[in-house]
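Look at the sequence and the structure below.

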Amino acid sequence: MSNQAEFEKLAEDVKKVKTRPTDQELLDLYGLYKQAVVGDINTERPGMLDLKGKAKWDAWNSRKGMSKEDAMTAYITLAKEIINKYGM
């Protein structure tokens, strides 16, 4: 299975875990996913009242400069860990 195919499969599978991952795990997944799919962040940081939006923006921004391939590989590794930890 290619990295791209494995990435897409795990992106779907990780949504089906039995127990909700921690907020930090979800933010790490989000940041890696956006970096792998879009690349460096290309939006303005949300305003003060959008706490969830700011957390997601910060998670993505923390991956700035990481190549799409490296982000995809890191996402695959993290998604596998979360699936093994929480089960499907």
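Which residue with a positive phi follows α2? In this predicted model, that residue is Gly-39, and its phi is near 100°.

Helix α2 itself runs over residues 23–37. At 1.5 Å a residue, its 15 residues should span 21 Å, and the end C-alpha atoms are 21 Å apart, so the two values agree. The buried residues of α2 are Glu-25, Leu-29, Gly-31, Leu-32, Gln-35 and Ala-36. They cover an arc of only 165° around the axis, which means that they lie on the same side of α2. In an α-helix, residues three or four places apart point the same way because there are 3.6 residues a turn. The partners against which the buried residues of α2 pack are α1 (3–13), α3 (51–61) and α4 (68–86).

Next comes the core. The largest nonpolar core has 17 residues, and Phe-7, Val-14, Leu-29, Tyr-75, Ala-79 and Ile-82 have the most contacts inside it. At least two residues come from each of α1, α2 and α4, with α4 giving the largest share, nine residues. Among the residues that Ile-82 touches are Val-14, Pro-21 and Leu-29.

Phe-7, Tyr-33 and Tyr-75 make up one aromatic cluster. The rings of Phe-7 and Tyr-33 are stacked, because their planes are at 15°, with the centres 5.5 Å apart. This pair links helix α1 to helix α2, 26 residues apart in the chain. Phe-7 counts as buried because its relative accessibility is 3%, whereas Tyr-33, at 34%, counts as partly exposed. Phe-7 also pairs with Tyr-75, edge-to-face, at 5.0 Å centre to centre and 65° between the planes. Here Phe-7 in helix α1 is linked to Tyr-75 in helix α4, 68 residues apart. Tyr-75 is buried, with a relative accessible area of 4%.

Methods
Residues are numbered from 1 along each chain as its sequence is written. This is a predicted model: local features need pLDDT of at least 70, side-chain atom pairs count only at pLDDT 80 or more; totals for chains, interfaces and linings use all residues. Side-chain values use heavy atoms; hydrogens and water are left out. Helices (H or I, at least four residues) and strands (E, at least two) are DSSP runs, numbered from the N terminus. The expected span of a helix is 1.5 Å times one less than its number of residues. Buried means under 20% relative accessible area, exposed over 50%, partly exposed in between (1.4 Å probe, protein chains only). The arc is that of the directions from the helix axis to the C-beta atoms. Contact means heavy atoms within 4.5 Å. A nonpolar core is a set of buried Ala, Val, Leu, Ile, Met, Phe, Trp, Tyr and Cys residues joined through side-chain atoms within 4.5 Å. Rings of Phe, Tyr and Trp (its six-membered ring) pair if their centres lie within 6.5 Å; planes under 30 degrees apart count as stacked, over 60 as edge-to-face and the rest as tilted.
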